[in-house]
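Let's take a quick tour of a protein model. Have a look at the structure first, and then we'll go through it piece by piece.

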Amino acid sequence: MSQVERMQNLFPRCPICDSIKGYKFSAFYPLVACKSCKSEWALYENEMELKATSDTDSARDLLNKKYSFNFWRELEEQGKPKPQPIGSTRPLVHTLRSFQGQIKKLRSEKANLQAEIEKLRKVGEEQTRVMAEEIRALEEEVATLKKESESLKESVGSLA
Ligand SMILES: [Zn+2]
């Protein structure tokens, strides 16, 4: 089996351009070239190396590196819309998980806020209580001073 035939069997569609035109030997024998996009490959036993491509996009990054046939097959399939199995619940499950995660996060944020509010409220109560005590203490002091000044007046009166 020639390299061209091998390529034809392995990749009925060109991994780069998806063409079914087939392959021929390139000027650089035994490299195999796509008849459509002129991409050239070196075939190994289990791997394939892209040696040249006219493709201007990401395919250039793949040049001169050996990759498994599976890699090239997956690349070939990437461009095509993947058929979604009918009745598949996977996207729904994913959406549900994502929502559950968000809800969990929001709940913990809410709990943190409630704890913060509770803390502030306690501080407020504590401050009010302390101030009330201070006021009461001041009132007592004022009352004591009044009594003292009255007794002083009496003393002054008795002296006069
Ligand atoms: Zn091609």
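In what order do the five strands of the open sheet sit, and is their pairing parallel or antiparallel? The order is 1-2-3-4-5, and the pairing is antiparallel. Keep in mind that this is a predicted model.

**The sheet**
- Strand 1 (23-25) and strand 5 (66-68) are the edge strands: each has a single partner strand, so one side of each has no neighbour in the sheet.
- Going from one strand to the next, the twist averages 35°.
- Strands of a sheet pair through backbone hydrogen bonds, and this can happen in a parallel or an antiparallel way.
- For a close-up, take strand 3 (residues 40-43) and strand 4 (residues 47-52), which are joined in the antiparallel sense over four bridges.
- Leu43 has Met48, in strand 4, as its bridge partner.

**The helix**
- Helix 1 (residues 3-10) lies across strand 1, strand 2 (32-34) and strand 3.
- Its direction is at about 160° to strand 1.

- In soluble globular proteins, nonpolar side chains tend to be buried together.
- Here the largest nonpolar core has 13 residues, and the ones touching the most other members are Met7, Cys14, Tyr23, Val32, Cys34 and Trp41.
- Strand 2 and strand 4 each provide at least two residues of this core.
- Strand 2 gives the largest share, three residues.

**A look at Cys14**
- Which residues does Cys14 contact, leaving aside its neighbours within four places in sequence?
- Cys14 is in contact with Ser19, Cys34, Ser36, Cys37 and Ser39.
- Both Cys14 and Cys34 are also among the core residues that touch the most other members.

Technical notes. Residues numbered from 1 in each chain as written. Predicted model: local features only at pLDDT ≥ 70, side-chain atom pairs only at ≥ 80, totals over all residues. Pairing = 2+ DSSP bridges. Axes fitted to C-alpha atoms, helices over the stretch in contact; angles between N-to-C directions. Contact = placed C-beta atoms within 7 Å. Core = buried A, V, L, I, M, F, W, Y, C linked by C-beta atoms within 7 Å. Buried ≥ 20, exposed ≤ 12 C-beta atoms within 10 Å, placed from the backbone.
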